[in-house]
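Work through the exercises below with the sequence and the model open. Try each task before reading its solution.

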Amino acid sequence: GEVCTMINKKYNEFLPSMQSAEDLVARVEGLASNIDLLKAGIENEVQRDLNVAVAEFTELKQQLERDTLVLSVLKKLQEFDTAIKEYNAALLEKKYVTAAQQLEKARSSLRNLESRKGFELKILKALGTELTVQTQNMLYHLGEEWQKLIVWQLPPSKEGSSLEAVVLSELRLHTLPAQEQDAAAPPVAAVLQALAVLGELHSKLKVFGQLLLKYILKPLISYPSLQPLTEEQPDVFILRFKSEEPALDQPSPMVVFDKIKLIFEVLHKYLLNVPLEQPGEDRKDGRVTLAELLGELIWEELSDCLIQNCLVNSIPTNSSKLEQYIEVIRSTEEFEKALKKMQFLKGDTTDLLKYARNVNSHFANKKCQDVIVAARNLMTSEIHNTVKITPDSSVALPKLPDPGTGDHSKIHKPSSLLHNGTVNLGNESKLSQFTFSLPTCRISSSVEQLMELAYHTLVEATGSTDQCCVQLFYSVRNIFQLFYDVVPTYHKENLQKLPQLAAIHHNNCMYIAHHLLTLGHQFRYRMTNVLCNGAATFVDLVPGFRRLGMECFLAQMRVQKGEILERLSSARNFSNMDDEENFCAANKAIRQVLHQLKRLGKVWQDVLPVNVYCKAMGTLLNTALAEIVTRIAALEDISAEDADRLYSLCKIMVEEGPQVFTPLLEEDKNKKYQEEVPVYVQKWMTFKELMIILQANLQEIVDQWADGKGPLAAEFSAAEVKSLIRALFQNTERRAAALAKIK
């Protein structure tokens with residue numbers, strides 16, 4: 001029973017709390033439905049009212065914007081209209097500046113209107129057209145005024161700017177302030193200012209500047225005979241020319257500067273001294289004179305023309321005249337100062353002045369240019385005009401000045417090396433007379449002149465400023481490097497084809513190499529310090545020149561050897577000489593070879609140094625003899641008649657061969673060299689021994705051999721002699737016995 005009671009008690013306590021929870025739920029549900037009603041109310045009514053209000057507000061705002069835009073557009077249209085009206089009124093009164101300014105106002109109003117997005121008015125196009133028409137109208141009026149102010153009388157255009165044409169041209173400036181103030185004529189400044197406002201001044205000035213350059217300024221620079229004439233009348237200023245014989249071909253820069261200065265002075269006085277307001281330019285006070293504008297347009301071209309046609313020609317060509325050049329520099333400075341004063345030039349030291357001041361370098365450049373051009377002309381001239389040089393001929397040279405005492409504590413004695421022969425280097429050392437001597441031979445006269453050019457340029461260098469000295473020294477080195485590159489290529493074909501030219505070229509190279517050995521040495525105490533310490537040398541070029549000469553001559557020798565062998569190849573191997581036809585062919589071949597050698601002996605005569613001549617001729621004769629020996633020694637069978645005929649052919653060679661040696665013009669002096677032929681022809685004795693064998697009997701051959709100690713053994717091997725014996729003699733016991741002794 002107790003348990004039951006407990007349960008009841010708990011249940012009774014539970015019921016009320018359950019009750020209160022249910023009440024709570026019911027109340028919450030009631031509240032929620034109230035909220036829903038309210039929400040629906042807001043959504044349906046309040047929100048609708050709110051949307052309407054916002055829409056109304058936006059519409060009002062847009063209307064306000066539209067009205068403001070329309071208002072400002074109307075304002076701009078009104079401004080445009082007023083500007084055009086005022087422009088018209090001003091134009092009628094020839095108040096050009098006001099008119100131009102009003103046009104620009106109208107233009108800016110129109111630009112403003114065009115810049116508005118989403119507001120394209122049809123009227124804008126019409127306004128644009130109107131503005132263009134009015135601008136053109138105004139420019140036409142200003143153009144007319146400009147043409148009244150500046151009147152050109154030019155020669156017919158086909159004449160160009162020749163002297164005859166230029167003399168006829170004339171410039172008239174109607175820019176003088178009128179005597180009684182003529183209201184009809186606007187002042188010059190107004191016309192120019194109006195053009196400036198409309199942005200047209202630049203193109204007008206450009207045309208004016210070009211005419212000024214073409215018909216006045218450049219002709220004054222190019223034609224020394226032109227003199228400017230100026231004339232002032234009450235209402236016009238006239239500039240024209242007269243032509244008179246000039247004192248000099250090349251006018252001095254001073255004279256030219258004076259003429260140009262005069263032109264600018266009158267232009268300044270009558271036209272250019274007009275201050276203008278420059279719209280939109282970043283100038284400090286926005287003011288600029290006409291002179292300044294014109295200067296910007298033409299100065300560069302004028303300055304180039306003055307440099308090229310006036311200063312360049314005035315650069316001296318030898319150092320003694322450099323002193324007087326100070327005058328030119330001074331007058332260039334004066335010229336610039338005057339132009340600056342007239343505001344034609346701004347800024348400091350222009351290219352013109354820099355060019356004049358840089359005279360030393362231009363002098364050196366001009367000198368070097370002249371030297372290289374002269375050198376190139378000499379190198380491309382004919383090689384075959386020659387002069388004879390002997391060990392005692394020397395380069396024609398002015399007397400060298402004594403080295404300056406200033407630079408050197410002790411005065412060195414300058415070496416007196418100008419001879420091709422002896423060299424005297426003070427007491428330092430005595431060289432044998434032949435150390436540097438050149439053998440007698442012929443060289444191209446152009447090469448002798450080239451050498452003189454080199455010496456003269458070095459003499460000039462020693463008297464120049466350091467910078468110039470170095471430049472001249474290197475231009476002399478360039479001469480030789482140029483020779484090395486130009487001559488072999490330029491004269492390539494002739495050097496290959498003509499043996500005489502190859503010989504002269506060989507001599508030229510040896511002559512140059514010879515002088516290069518000592519060229520730097522002679523000037524070494526006179527060269528500037530930069531070059532003094534051993535830099536001023538040409539010795540490094542010597543091996544190249546020797547090689548150049550040798551290679552060319554050896555190439556020619558190869559050609560000649562080839563021709564000799566080619567001719568001997570038609571001799572039918574010298575076999576079966578008892579056959580008439582074969583004998584004729586061999587005889588002809590030998591005659592042709594001798595003829596070739598004789599011709600060479602003539603073209604090299606008096607050209608090559610004697611020792612080179614003898615070596616060359618000896619080598620070629622040797623080629624022929626060696627070939628004949630080889631062919632005959634290779635024969636397997638030689639009949640008695642063959643042997644006789646071969647002997648007669650060899651005899652021709654031995655008798656006539658030496659006669660091709662004619663190194664000298666004087667016939668009687670050539671005997672000596674003809675007798676010395678065995679010295680120059682290596683196979684001479686071999687050839688003589690072969691002839692002995694062709695004529696000898698067996699015993700004589702064995703005696704000539706003399707157990708390998710005789711003259712025959714000196715020229716032929718045992719095998720060669722045995723082969724010849726077998727070819728010449730029948731197979732007998734005597735032949736066998738003889739063969740046994742050859743070993």
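**Exercise 1. By about how many helical turns are D81 and K85 separated in helix α1?**

Solution. First, the ground rules. This is a predicted model, in which local features need pLDDT of at least 70, side-chain atom pairs count only at pLDDT 80 or more, and totals for chains, interfaces and linings use all residues. Residues are numbered from 1 along each chain as its sequence is written, and side-chain values use heavy atoms, with hydrogens and water left out.

Step 1. Count along the helix. D81 and K85 are four residues apart in helix α1, so about one helical turn separates them. Helices here are DSSP runs of H or I with at least four residues, strands are runs of E with at least two, and both are numbered from the N terminus.

Step 2. Check the contact. D81 and K85 form a salt bridge, with 2.7 Å between the closest N and O atoms. The term requires a side-chain nitrogen of Lys or Arg within 4 Å of a carboxyl oxygen of Asp or Glu.

Step 3. Check exposure. Buried means under 20% relative accessible area, exposed means over 50%, and partly exposed lies in between (1.4 Å probe, protein chains only). D81 has 38%, so D81 is partly exposed. K85 reaches 56% and therefore counts as exposed.

**Exercise 2. How many salt bridges does the structure hold, and which residues join E231 and R240 in one network?**

Solution. Step 1. The total is 26 salt bridges.

Step 1. Take K672 and E676. Their side chains meet in a salt bridge at 3.9 Å, N to O. K672 is partly exposed because its relative accessibility is 45%. E676 is partly exposed too, at 27%.

Step 2. Turn to the network. Salt bridges with shared partners join E170, R172, E231 and R240. Within this group, E231 pairs with R240, the closest N and O atoms being 2.9 Å apart. E231 is partly exposed at 29%, and R240 is partly exposed at 26%.

**Exercise 3. Which helix gives the most to the lining of the largest cavity?**

Solution. Step 1. Count cavities. There are three of 30 Å³ or more. On a 1 Å grid over the protein atoms alone, a cavity is a set of points where a 1.4 Å probe fits but cannot get out; lining residues have an atom within 4 Å of a point.

Step 1. Size the largest. It holds about 80 Å³ of space.

Step 2. Assign the lining. α11 (359-379), α12 (445-462), α13 (466-490) and α15 (499-522) each supply at least two residues. α12 gives the most, with three residues. Residues of the lining include L378, S446, F483 and H505.

Step 3. The lining has seven nonpolar residues, five polar and no charged. Nonpolar covers Ala, Val, Leu, Ile, Met, Phe, Trp, Tyr, Cys and Pro; charged covers Asp, Glu, Lys and Arg; the others, Gly among them, are polar.

Definitions and conventions: 1 Å grid on protein atoms, 1.4 Å probe; cavity = no way out; pocket = protein on both sides within 12 Å on 5 of 7 lines; lining within 4 Å. Points joined across faces, edges and corners; volume = space filled by probe spheres on them.
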